[in-house]
Amino acid sequence: MTDLRALFSSNDPIDTSEAFTNRQRQWELVATALEEHLRRITTAGFDPADLEAPRTHLVVFHGVGGVGKSTLVRKLEAALGGARPTQWGEPVWAGHKILPVRIDLARSAGTTFEDVVLTIRAALATAIARPLPAFDIALRRYWEAQHPGDPLDAYLERGGLVSRFGKSLPQQTQAALGDVAQALLLPGTVGSVVGEVTSALAGALRERRQTVRALAACARLAPLLESEPDLEALSFYPHLLAWELNRLPDDKKITPVILLDTFEDTADRHRDLERLLQRLVWLMPNCFFVISGRSRLQWAESALHGQLDYTGPAAWPGLATTAVAVPAPRHGTPGGRQHLVGDLSPEDCEDHLTRRLAKDGRPLISPAIRSVITGRSHGLPLHLDLAASRFLEIRRTREPQPADFDHTFPALLARALSDLTADERHVLRSVSLLDAFDLDLATRAAGLPHQTPARRLTERPIVTENPYALWPYHLHGAIRSALTEADDHTEDRWTPADWQQAADRALAALGDQWATNTSLTPSRMFLVACLRQGLRLACAHRLTGLGWLIDAAFAYTDDSVWEPLAPPTPADPTPDTPADAVAELLTAIARRQREHRQRTVDRLTAVLDTGLLPAELNEMALYYRAKAHKDLSHNDAARTGMQQVADAGGRLAPKARRGLANLARLAGDFPTALAAVPTLGWKGRHHRVLGDIHWSHAHTAQAVTAFEAGRAEAEQHGAAGERAMMQVRLALALSFADPARADDELGLAHQLLDSLDQRSNTLLAQVVALIKDAGTSSVTDRAHSLNTDIEAAGLPFLHRFVELARAFHHAVRDDGPQLAATIERLRALTVGGDFVYFTDIAHFMADLPLPQLSTTRWITSEDEVRSAWRRLVQARQDLLAGN
């Protein structure tokens, strides 16, 4: 179909077309349902006069305005008429004659219920070329009563039905009238008086006269002819049409496929037109209906009883959504007879834009512009068409550029808002601030006292539903972008203050939901989801009330899991609001698992220098910067930062005291570290500190006990991150003494780490694997590869662990030269003082004398530590010799 607007927008000979993107899935749905329908109506027991059987003779397509439903309906009409796209394949109903009849119900078309009935009958008049007397006589009686002095043929010509279907209908209705008059032996002049004929026919039917035996089988014809010929009666006449279609001879058999487009425009307060149309669908079960509109059909909802004649899931089983406990996602696999017409894929958008405008057989819109339009469209065909129009408009004066299309269109927003109530529009703007929402969140963000407007909005196709998500509802991306960028062009637009108040309400509602969830059933997933939405809201709208975000930030860091809170950006802008500073703080802490620790130090220093962080989170930045300094072996800076946090006495003071204890251990001051353990408690991870002290002394049993206690305590507190850390350390302690059990514990450690983002512990687990395999041939090469990964991660402290693993390996193999080289590397790595006791341990493993007096302060005598490490080497040698 030629796009006339585009054709008349330029002097250039541009090839314009309504570029229909393949909707093969929708065609397959219609074809399959139509095949089932044909099979059902051709069975021996089918009776179109059965008014109680469930109705499945329809398919409904619904979706947001501009998604291409009307184009789909036109293509379906053409395909059913024989003009199918080749990729749609051949139909499966060979031998059946199909008559497609498309009816546009848009308000702009002015289609009345009379028009619907006349269109169907006019199409049949052309297709079967014979009267349908039961229906035709009733129709003529109605017309004479309701349109006196306005001949039917004149009305049909004015409405365009004559040009579409010809003049057969008036002729056939007149013929039916004459045939009945003749059968009843009425005078010829009476044959033209409709009232006389219908009265005589009704009487004859009541008396079961032989002359009208052909019509006597229609049990409801006489009551219909005797009823007042008004619009209500007309809505029951389709029953007569269905009856007539069923008794056609085989050579005239035909199955109408009636396509009702833009069904949403039938909506009114009392559902008057919808009631008439539903009655028509119900009374014509031998026809097949395709209905398209913005909203789902609600006919299967029992709550509509009294507003419509036929309601409930038993009446319309294919339309029901409450038959299962959890409905399928509305954007996913379609169920029953209602199908969401979804957005186009990026590939389909590209195809659409390529064919939309062309010149000399080549696409007019450049690939760069097509890419921008596709990204901004969120798959909505209306956006693509608006962009094509915009392209031609710009092209009149200059060459269009990609930047010209990096925006949305006010017309798209106007289309989306046109059929929403004022309350629904208010909720729509409120939820556009949220990535996802539920009824409570939407209602509170809108500041409304009741959920009804939010519930109504969720039933609109501009909202998609995933019942398995934390918040089930999502606003269509194109509509959300349009509200953000083009709301200034709408009549009931919000002021900046309105948007600000809605953002404050939405942030508070998120905080209340998180607090309620935390008090009942704490969920890490829900915490992260709330933080992501809350931080985005606070940053985008420069909100200052960050109360719950501060508590959530501490909850986020407590568990050491480190899910990303924001997508990576090419360059991190300098924060200029407290919300920006909080977002950058948490992002820097989380990304340190994927960035070099020096980058973490730099980012946290920059955040601290802004002075924008709330006081409590200033302490968090200091603490995690100190941790990064420790990982970089900047121990003086690490001690200074930890001491600042510990002295402040805030929420992170216990962790800072643990950090100081660990720094003492790293410096070889084990008594000081051990003395701090009783003061740490759970928040200071006392069992972790104690276990690290014991394995360093080769006290395997005590270390295992401490790590197992730490793991149990982490499980008790639901701290998945800490549990994984304890599991890795448990495997570390066992890797020297019991490689078989260490292998089992390491397997569990990997399982726990798989769902987390703990880079240092993942690398430490690889060190553990080296230690448990000490004495075998693959250790040296694996150690070299592991050092490369450690360097890339910016975690230099782990190089010491790799060299300790090598020292154990060479000691087990009695490889003196390699052990000496390893000790030299350890000495170079520990020259700053930290982990210098690793060099002592390497000597102890091979029972070598220390070259000079050690600065390490053990919790037992040096000789006891030496003997313990030597025994572990000898035990491994014995194990390998036994194998």
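Biologist: How are α38 and α39 directed relative to each other, roughly parallel or roughly antiparallel?

Modeller: In this predicted model, helix α38 covers residues 797-812 and helix α39 covers residues 816-829, and the two pack at an angle of about 160° with their axes 9 Å apart. Angles over 145 degrees count as roughly antiparallel. The two helices, α38 and α39, are therefore roughly antiparallel.

Biologist: Into which classes do the residues of the contact of α38 with α39 divide, and how many are in each?

Modeller: On the side of α38 the contact is made by His 799, Arg 800, Glu 803, Leu 804, Arg 806, Ala 807 and His 810. On the side of α39, Gln 818, Leu 819, Thr 822, Arg 825, Leu 826 and Leu 829 take part. Sorted by class, the residues of this contact are five nonpolar, four polar and four charged.

Biologist: What is the handedness of the crossing of α38 and α39?

Modeller: For these two helices, which pack at about 160°, the crossing is left-handed.

Biologist: How many disulfides does the count come to?

Modeller: A disulfide needs two cysteine sulfur atoms within 2.5 Å. The sulfur of Cys 218 is too far for a bond, because the closest cysteine sulfur, in Cys 287, is 15 Å away. Cys 530 is likewise in no disulfide, with the sulfur of Cys 539, its nearest, 16 Å away. By this rule the number of disulfides is zero.

Biologist: Is Cys 530 buried or exposed?

Modeller: A residue counts as buried under 20% relative accessible area. Cys 218, at 4%, is buried. Cys 530 has a relative accessibility of 0%, so Cys 530 counts as buried.

Methods:
Residues are numbered from 1 along each chain as its sequence is written. This is a predicted model: local features need pLDDT of at least 70, side-chain atom pairs count only at pLDDT 80 or more; totals for chains, interfaces and linings use all residues. Side-chain values use heavy atoms; hydrogens and water are left out. Axes are lines fitted to C-alpha atoms, for helices over the stretch in contact, and angles run from 0 to 180 degrees between N-to-C directions. Helices (H or I, at least four residues) and strands (E, at least two) are DSSP runs, numbered from the N terminus. Angles under 35 degrees count as roughly parallel, over 145 as roughly antiparallel, 65 to 115 as roughly perpendicular and the rest as oblique. A crossing is left-handed if the near helix is turned anticlockwise from the far one by less than a right angle, and right-handed if clockwise. Contact means heavy atoms within 4.5 Å. Ala, Val, Leu, Ile, Met, Phe, Trp, Tyr, Cys and Pro count as nonpolar, Asp, Glu, Lys and Arg as charged, and the others, Gly among them, as polar. Buried means under 20% relative accessible area, exposed over 50%, partly exposed in between (1.4 Å probe, protein chains only).
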